[in-house]
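Here is a short tour of a predicted model. Have the chain open beside you as you read.

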Amino acid sequence: IGLKSVAQPLEVVLDRIPFVGRCAGDLMGGATSLVTCIMAAALSILTIAIAWFAYRPLLTFFLLAIVGGLVYLMKKKADAKRYDTEIPMAHATPIFADGAPKAGSIV
């Protein structure tokens with residue numbers, strides 16, 4: 001709610017534009033709601049992580065090692081896929097096997 005209140009003036013300013021203000025204000029309201037929701041979720045997770053670290057530091061380091069390993073494996077797989085030089089080709093059956101049309105074929 002606090003983050004949304006900080007972004008509220010953008011919506012109000014756009015609401016005051018004649019003819020398009022209501023639509024532009026609603027679009028800005030939706031966009032700011034989405035962004036502030038993502039920011040609030042990230043800050044909440046950070047707060048929970050700090051509290052968990054203070055309560056169970058050994059388990060936190062163990063879980064961070066697992067997550068770090070998974071991130072490393074995913075990045076390694078993504079890099080291998082990105083630099084794969086094989087270009088997929090479409091395989092088509094040739095109409096003329098020896099360069100000349102077959103008897104009875106429509107050209």
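## Threonine 60

Threonine 60 is buried, because its relative accessible area is 10% and buried means under 20% (exposed is over 50%, partly exposed is in between; 1.4 Å probe, protein chains only). You'll find threonine 60 in helix H3; helices here are DSSP runs of H or I with at least four residues, strands are runs of E with at least two, and both are numbered from the N terminus. Setting aside its neighbours within four places in sequence, threonine 60 is in contact with Trp52 and Phe53, where contact means heavy atoms within 4.5 Å.

A word on the ground rules: residues are numbered from 1 along each chain as its sequence is written. Since the model is predicted, local features need pLDDT of at least 70 and side-chain atom pairs count only at pLDDT 80 or more, while totals for chains, interfaces and linings use all residues, and side-chain values use heavy atoms, with hydrogens and water left out.

## The largest pocket

Which residues line the largest pocket? Thr60 is one of them, along with Ile45, Ile48, Ala49, Trp52, Phe53, Leu63, Leu64 and Val67. A pocket is an open set of points on a 1 Å grid over the protein atoms alone, where a 1.4 Å probe fits, with protein on both sides within 12 Å along at least five of seven lines; lining residues have an atom within 4 Å of a point. The volume comes to about 160 Å³, taken as the space filled by probe spheres set on the points, with grid points joined across faces, edges and corners.

Helix H2 (21-55) and helix H3 (57-82) each supply at least two residues of that lining. H2 gives the largest share, five residues. By class, the lining has eight nonpolar residues, one polar and no charged ones; Ala, Val, Leu, Ile, Met, Phe, Trp, Tyr, Cys and Pro count as nonpolar, Asp, Glu, Lys and Arg as charged, and the others, Gly among them, as polar.

## An aromatic pair

Search the whole structure and you get one aromatic pair. For the cut-offs, rings of Phe, Tyr and Trp (its six-membered ring) pair if their centres lie within 6.5 Å; planes under 30 degrees apart count as stacked, over 60 as edge-to-face and the rest as tilted.

Phenylalanine 53 counts as partly exposed, at 39% relative accessibility, whereas phenylalanine 61 is exposed at 51%.

What does the side chain of threonine 32 join in a polar contact? The side chain of lysine 4, at 3.0 Å. A polar contact is a pair of N or O atoms within 3.5 Å; within protein, one must be able to donate a hydrogen and the other to accept it, and residues adjacent in sequence count only if both atoms are side-chain atoms. Beyond its neighbours within four places in sequence, threonine 32 is in contact with Lys4, Ala7 and Leu10.

The side chain of serine 33 makes a polar contact with the side chain of lysine 4 too, at 3.2 Å, and reaches the backbone oxygen of glycine 29 at 2.8 Å.

## The whole chain

The protein chain has three helices and zero strands. Buried residues make up 7% of its 107 residues.
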